Amino acid sequence: RAKSMGPNQYCFYASDMNIRGHELLALEGDLRRALVQNEFVLHYQPQIDLRNNRVIGTEGLIRWQHPVRGLVSPADFIPLLERSGMIISVGEWVLHQACKAHRDWRAAGFNDIRVSVNVSATQFNDIDLLDKIRYALREEDMPKHALELEITENILMRDPAGATEVLESINGLGVRIAVDDFGTGYSSLAYLKRFPLDALKIDQTFMTDLTDYSGDAAIVEASISLAHKLDMEVTAEGVETNTQLEFLRTHDCDVVQGYYFCRPLPMPELTNVLHEKTK
Ligand code: C2E
Ligand code: MG
Ligand code: MG
Ligand code: MG
């Protein structure tokens, strides 16, 4: 198509593509240095236990402090990390970082708190995943029951038999497993029952319209009751309003996470929040 517009246009399009290619390459180069130069930072978002309104855990969420671009959100670089395989080493860094944070919280007297990290597809399929978890637990002196791995349902459903094996070995370590973004992918309910899962996190897209008469409400209600019947804890993600909170409370949701309570925060700020809301 570009060719039919004449040689100049063709050149324009070709060089345009090169620029984009170069940009991508530059970004990948930047990412390669980011780990060594300590540009990644893990923020933590509190998760509130609705039984007692205390912080039951935090989710570690990665950000990239780029020297020129500023704070880059994970949506803009996780796919690149996935594609290049760099997510494996960055994922290890995240795991260790979360365990170190947990050690700091324990030292400050917060002993009953958990920490979650997100595990991407490439990490989940890494044959060394289990060794890496074991190593992090040992190296960082991390209580295994206080660590939770978040895995999306699509990752699990791609190869349910293989996933069962991986999940069972993680579960065997005593580490918790949560299904992230529940309701956005497709889960076979039969597998949900068979996998050793501790928690289900209802995706934030279902929080937008939470009134008793909406479809979202029906989905959230059904997910909560499904989780409970399968003996799983249930967390609602993306809670932004008091109306949503009250709906979730009424329908027996266990844990909530969202801007209504707190945004993801860097380590020192998060520790301050723990002092306010945990003791
Ligand atoms: P996620 O695991 O589902 O994390 C929840 C996302 O929702 C986070 O976005 C969080 O900041 C955001 N959020 C929390 N509360 C609210 C709210 O009340 N309203 C709204 N609109 N959003 C809220 P974030 O930090 O940008 O992360 C996006 C995604 O990137 C994560 O989704 C996760 O899939 C991925 N991610 C983040 N950190 C890591 C990591 O260390 N490793 C891997 N593999 N993926 C990560
Ligand atoms: Mg998550
Ligand atoms: Mg999620
Ligand atoms: Mg997600």
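Good morning. I begin with the magnesium ion that is ligand 3: its protein donors are D180 (OD), D181 (OD), E237 (OE) and E237 (OE), at 2.0 to 2.4 Å. Donors here are N, O and S atoms within 2.8 Å of the metal (3.2 Å for Na, K and Ca), and water is not among the atoms, so sites may look incomplete. Along the chain, the donors of this ion follow the spacing D-D-x55-E. D181 lies in strand β6 and E237 in the loop between β8 (233-236) and α10 (242-250), so the pair ties together parts 56 residues apart in sequence. Helices (H or I, at least four residues) and strands (E, at least two) are DSSP runs, numbered from the N terminus.

A word on the source: this is a predicted model, in which local features need pLDDT of at least 70 and side-chain atom pairs count only at pLDDT 80 or more, while totals for chains, interfaces and linings use all residues. Residues are numbered from 1 along each chain as its sequence is written, chains are lettered from A and ligands numbered from 1 in the order in which they are written, and side-chain values use heavy atoms, with hydrogens and water left out.

How accessible are these donors? D181, at 24% relative accessibility, counts as partly exposed, whereas E237, at 8%, counts as buried. Buried means under 20% relative accessible area, exposed over 50%, and partly exposed in between (1.4 Å probe, protein chains only).

The magnesium ion that is ligand 2 is coordinated by E59 (OE), N118 (OD1), E150 (OE) and D180 (OD), at 2.0 to 2.2 Å. D180 bridges ligand 2 and ligand 3, which lie 4.1 Å apart. E150 in strand β5 (residues 147-152) and D180 in strand β6 (residues 176-182) are 30 residues apart, and this pair links distant parts of the chain. Both E150 and D180 are buried.

Finally, ligand 1. Which residues are closest to this ligand? They are R63, N118, D180, E240 and Y259, among 22 that surround ligand 1 (a heavy atom within 4 Å). The largest share of this shell, 4 residues, comes from β2.
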